[in-house]
Amino acid sequence: METGTAFGTSSPNNVTLKKWVEKIAALTTPDQVFWCDGSEEEKAHLLEGAVAQGVLLKLNEEKLPGCYYHRSNPNDVARVEQCTYICTPARDEAGPTNHWAPPRDMYEKLYGMLRGGMKGRTMYVVPYLMGPPGSPLTKIGVELTDSIYVVLNMRIMSRMGRVALEQLGDGDDFNRGIHSVLDCNPERRFICHFPQDNTIISVGSGYGGNVLLGKKCLALRVGSYLGRNQGWMAEHMLILCVESPAGEKTYVAAAFPSACGKTNFAMLIPPDQFPGWKITTIGDDIAWMKPGADGRLYAINPEAGYFGVAPGTNYKSNPNAMRTIARDTIYTNVALTPDGDVWWEGKDEPAPPGTLDWKGQLWSPESGEKAAHPNSRFTAPMTNNPVLAPEALEAAGVPISAIIFGGRRATTMPLVFQSFNWVHGVYLGATMGSETTAAAVGSLGQVRRDPMAMLPFCGYNMGDYFNHWLGIRRDLSDPPRIFHVNWFRKDADDEFLWPGFGENFRILQWVIDRCHGRAKARETQIGWMPHYEEFDWTGIDYPREKFDECMRIDGNEWRRELISQTELFLTLHDRLPKELIFQRELLVSRL
Ligand code: SAT
Ligand code: MN
């Protein structure tokens with residue numbers, strides 16, 4: 001395999017890596033093994049192959065240069081939490097919120113399924129970095145996959161190829177990922193994590209978070225486990241920078257569940273009334289954070305691209321995302337127009353006649369069906385983002401001043417409030433709730449507890465995870481301030497009380513002013529809250545009554561909220577930190 005200059009034939013000298021690749025190739029028996037180097041020539045070669053195989057369709061080069069279209073199997077359109085396992089020797093290590101299996105049994109079962117599973121196919125070796133090259137937080141992974149779609153997506157979402165092999169050298173500290181689509185059968189779909197072995201095995205799916213193993217599997221599930229042992233945090237958070245007209249930069253991390261607007265918030269454009277203010281993006285989904293020598297919490301974005309939700313994205317809601325996805329982007333499960341353009345519900349213009357839906361059927365608005373799947377996605381390089389923060393490419397990371405937690409809540413949760421202190425802030429994160437979305441298979445719109453937006457992504461016992469959050473405080477002399485927001489509260493007529501999108505900048509401004517000791521707040525039962533007067537309302541007609549409604553603390557709603565929080569606490573009772581139980585008691589007595 002070492003001779004010649006054909007694509008994919010040049011393997012590195014790392015003996016551990018080569019032996020492992022040989023072992024998995026012997027098990028899965030692919031027709032060939034393809035070593036990815038991440039080069040432009042290789043990208044062109046892979047794209048050509050993907051088009052020839054019908055995996056990708058080239059989109060209109062004039063309208064969408066370098067863009068491609070993909071339809072997944074209709075049975076395979078979202079993460080599958082019921083098939084996602086944390087495999088640790090003891091069930092307790094995975095905890096009651098994760099599906100668990102003993103590693104030995106699961107390896108046996110998965111190796112059994114993988115035996116001969118890549119016959120007739122190519123096994124791609126995808127070395128990648130999560131994090132900027134050279135950062136102390138960066139991790140190396142190698143994903144073996146029989147999906148060319150996965151390779152092309154990993155190429156966007158991570159630093160892929162030679163750069164990763166160079167950082168690995170002859171070391172053996174890398175995440176081992178094995179992925180095979182097999183026959184894409186939902187009955188034989190497993191996404192399994194072996195945190196103690198730094199290993200991930202995913203079979204039976206070809207979609208997003210199930211198969212781009214650097215993303216949810218390594219950067220969150222295995223990452224959170226490694227972070228706990230190594231003194232850092234892997235979080236489901238966007239990272240943004242707020243820059244004032246005077247050039248003051250404040251870095252904010254925010255945790256919202258999947259499909260709740262992280263990408264929009266990370267690319268927000270301040271309203272016209274705030275000239276000179278600028279938001280730049282460090283990351284839109286994942287933050288790795290570690291206390292620095294100066295006692296502040298430093299964050300990097302381990303990813304190199306955005307795997308964002310397409311529906312609802314338009315030039316009004318997120319112009320920066322629209323520009324980001326205008327070239328070199330892979331679209332998955334959106335609708336396809338007759339002139340080779342893409343379409344989804346909530347795009348700026350109506351769909352032209354002859355549009356095909358995400359399943360490839362002729363579509364019309366009268367059909368009553370969605371043209372794009374609600375969880376249809378774009379995969380775009382972050383360097384396309386017109387407001388990319390230069391810091392996103394730097395190894396040092398950025399010091400976080402504020403952490404924001406938020407969910408999608410029609411009731412109960414006010415627009416914004418601040419925690420009394422770090423422990424209370426951890427309580428706010430731990431008790432977060434949100435309505436379920438199309439990002440995961442299952443029912444929609446039910447409020448479920450989603451601590452720190454990490455319920456589907458925490459690679460160990462959630463009680464221990466809360467403890468880790470509390471413990472990190474010891475290494476921070478200047479901890480981030482913690483806030484809670486809810487952009488999604490509705491009135492009695494089911495209308496949103498807050499306009500959201502760019503207007504969220506007003507809330508963000510109060511948040512950063514609080515961090516810098518510049519904004520006032522009043523103490524309430526649930527935390528520090530702003531007065532109406534605290535905001536600059538120029539350019540928006542937002543009456544005080546509406547604000548009051550959006551900020552209202554309703555006794556009955558909070559009683560229900562406490563009962564629902566108690567259910568989570570009962571589930572986690574044996575490892576739940578006492579501090580959080582005390583916080584709950586204090587809240588009950590204040591209410
Ligand atoms: O499919 S992903 O898990 O990558 C996206 C998400 O649900 O956040
Ligand atoms: Mn996410």
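What follows is a short tour of salt bridges and a metal site.

Keep in mind that this is a predicted model.

| Pair | Closest N and O atoms |
|---|---|
| R189 and D76 | 3.7 Å |
| R228 and D464 | 3.8 Å |
| R506 and E503 | 2.7 Å |

Let's start with R189 and D76, a salt bridge with its closest N and O atoms 3.7 Å apart. R189 sits in the loop between β9 (175-180) and β10 (190-194), while D76 is in the loop between β3 (68-70) and β4 (84-86), so this bridge ties together parts that lie 113 residues apart in sequence. Are these two buried or exposed? Both R189 and D76 are buried.

Next up is R228, which pairs with D464 in a salt bridge. Here the partners come from helices: R228 belongs to helix α8 (residues 214-230) and D464 to helix α12 (residues 462-472), so the bridge joins parts that are 236 residues apart in sequence. How much of each partner is accessible? R228 has a relative accessibility of 28%, so it counts as partly exposed. D464, on the other hand, has a relative accessible area of 14% and is buried.

Then there's R506, whose salt-bridge partner is E503. R506 counts as buried because its relative accessibility is 1%. E503 has a relative accessible area of 18%, and because the cut-off for buried is under 20%, E503 counts as buried too.

K215, K216, K262, D285 and E303 are linked in a network of salt bridges.

Which residues coordinate the manganese ion (ligand 2)? They are K216, through NZ, H236, through NE2, and D285, through OD, at 2.0 to 2.2 Å. Along the chain, the donors of this manganese ion (ligand 2) follow the spacing K-x19-H-x48-D. K216 is in helix α8, and D285 is in the loop between β15 (278-283) and β16 (287-291); the pair links distant parts of the chain, 69 residues apart. K216 and D285 are both buried.

So where does helix α8 come into the picture? R228 of helix α8 bridges to helix α12 through D464, and K216 of helix α8 is one of the residues coordinating the manganese ion (ligand 2).

Conventions:
Residues numbered from 1 in each chain as written. Chains lettered and ligands numbered in written order. Predicted model: local features only at pLDDT ≥ 70, side-chain atom pairs only at ≥ 80, totals over all residues. Heavy atoms only, no water. Salt bridge = Lys/Arg side-chain N within 4 Å of Asp/Glu carboxyl O. Helix = DSSP H or I, 4+ residues; strand = E, 2+ residues; numbered from the N terminus. Buried < 20%, exposed > 50% of the residue type's maximum accessible area, 1.4 Å probe, protein only. Donors = N, O, S within 2.8 Å, 3.2 Å for Na, K, Ca; no water.
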